[in-house]
Amino acid sequence: MQFDNTAQAIYLQIADYVCEKILLKEWPSEAKIPSVRELAMQLEVNPNTVARSYDFLKQQDIIQDKRGIGYFITAEGVKTATAYRKQEFMDKEMPLFFRTMYLLGIEPEDLKSKYEKFKKQYS
């Protein structure tokens with residue numbers, strides 16, 4: 001995973017990474033996810049940073065910890081992760097996207113065929 005040092009905090013980027021794994025169904029509902037140490041090694045970050053991400057995701061009810069067993073995605077984790085990422089997109093990414101569209105004179109109708117083609121790649 002590449003981190004963007006000019007964007008949001010790294011622990012939030014890791015939280016987005018975890019949400020992406022959930023939304024792509026690589027980590028299904030109620031599945032065990034990597035431990036703090038495992039994920040820290042995979043992402044080459046400090047375990048404290050991953051712990052902070054996991055704490056954030058616990059507060060959002062996306063994951064839960066079972067003492068002595070590990071971290072798991074909650075039963076509603078997919079739904080909650082979707083709502084969280086949707087809100088983040090609407091608040092942070094969409095305004096920049098719309099600004100770029102406006103500056104380049106791109107209309108929403110111009111995007112429809114490209115979006116449909118993109119969706120077919122993931123179907």
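**Note on the predicted model: salt bridges and helix packing**

1. In this predicted model, the side chains of K119 and E116 meet in a salt bridge, with 3.7 Å from N to O. Both residues belong to helix 5, which covers residues 108-122, and because they are three residues apart there, about one helical turn separates them. K119 has a relative accessibility of 35% and therefore counts as partly exposed. E116, at 31% relative accessibility, also counts as partly exposed.

2. Salt bridges that share partners also join D16, R85 and E93 into one network. Over the whole structure, a search finds seven salt bridges. As a general point, side chains of opposite charge can pair when their charged atoms come close.

3. D16 is placed in helix 1, which runs over residues 10-23. Is D16 buried or exposed? Its relative accessibility is 13%, so D16 counts as buried, the cut-off for that class being under 20% relative accessible area.

4. D16 forms a salt bridge with R85, and the closest N and O atoms of the two are 3.8 Å apart. D16 lies in helix 1 and R85 in helix 4 (residues 77-104), so this pair ties together parts that are 69 residues apart in sequence.

5. With 33% relative accessibility, D65 counts as partly exposed. The relative accessible area of K58 is 27%, so K58 is partly exposed as well.

6. Turning to the packing of helices, helix 2 (residues 36-43) and helix 3 (residues 47-59) pack at an angle of about 120°, and their axes are 8 Å apart. That angle makes helix 2 oblique to helix 3. The crossing in which helix 2 passes helix 3 is right-handed.

7. Which residues make this contact? Helix 2 contributes V36, L39 and A40, while helix 3 contributes P47, V50, A51 and Y54. Sorted by class, the contact of helix 2 with helix 3 has seven nonpolar residues, with no polar and no charged residues.

8. For the overall arrangement, the protein chain has five helices and two strands. Read from the N terminus on, its elements follow the order α-α-α-β-β-α-α. The C-alpha trace spans about 55 × 30 × 25 Å along its principal axes.

9. Of the 123 residues in the protein chain, 31% are buried, and D16 counts among the buried residues at 13% relative accessibility. Considering contacts in the protein chain between residues at least 6 apart in sequence, 51% join residues at least 24 apart. The pair D16 and R85, with its 69 residues of separation, ties together helix 1 and helix 4.

Notes. Residues are numbered from 1 along each chain as its sequence is written. This is a predicted model: local features need pLDDT of at least 70, side-chain atom pairs count only at pLDDT 80 or more; totals for chains, interfaces and linings use all residues. Side-chain values use heavy atoms; hydrogens and water are left out. Axes are lines fitted to C-alpha atoms, for helices over the stretch in contact, and angles run from 0 to 180 degrees between N-to-C directions. Helices (H or I, at least four residues) and strands (E, at least two) are DSSP runs, numbered from the N terminus. Angles under 35 degrees count as roughly parallel, over 145 as roughly antiparallel, 65 to 115 as roughly perpendicular and the rest as oblique. A crossing is left-handed if the near helix is turned anticlockwise from the far one by less than a right angle, and right-handed if clockwise. Contact means heavy atoms within 4.5 Å. Ala, Val, Leu, Ile, Met, Phe, Trp, Tyr, Cys and Pro count as nonpolar, Asp, Glu, Lys and Arg as charged, and the others, Gly among them, as polar. Buried means under 20% relative accessible area, exposed over 50%, partly exposed in between (1.4 Å probe, protein chains only). A salt bridge is a side-chain nitrogen of Lys or Arg within 4 Å of a carboxyl oxygen of Asp or Glu.
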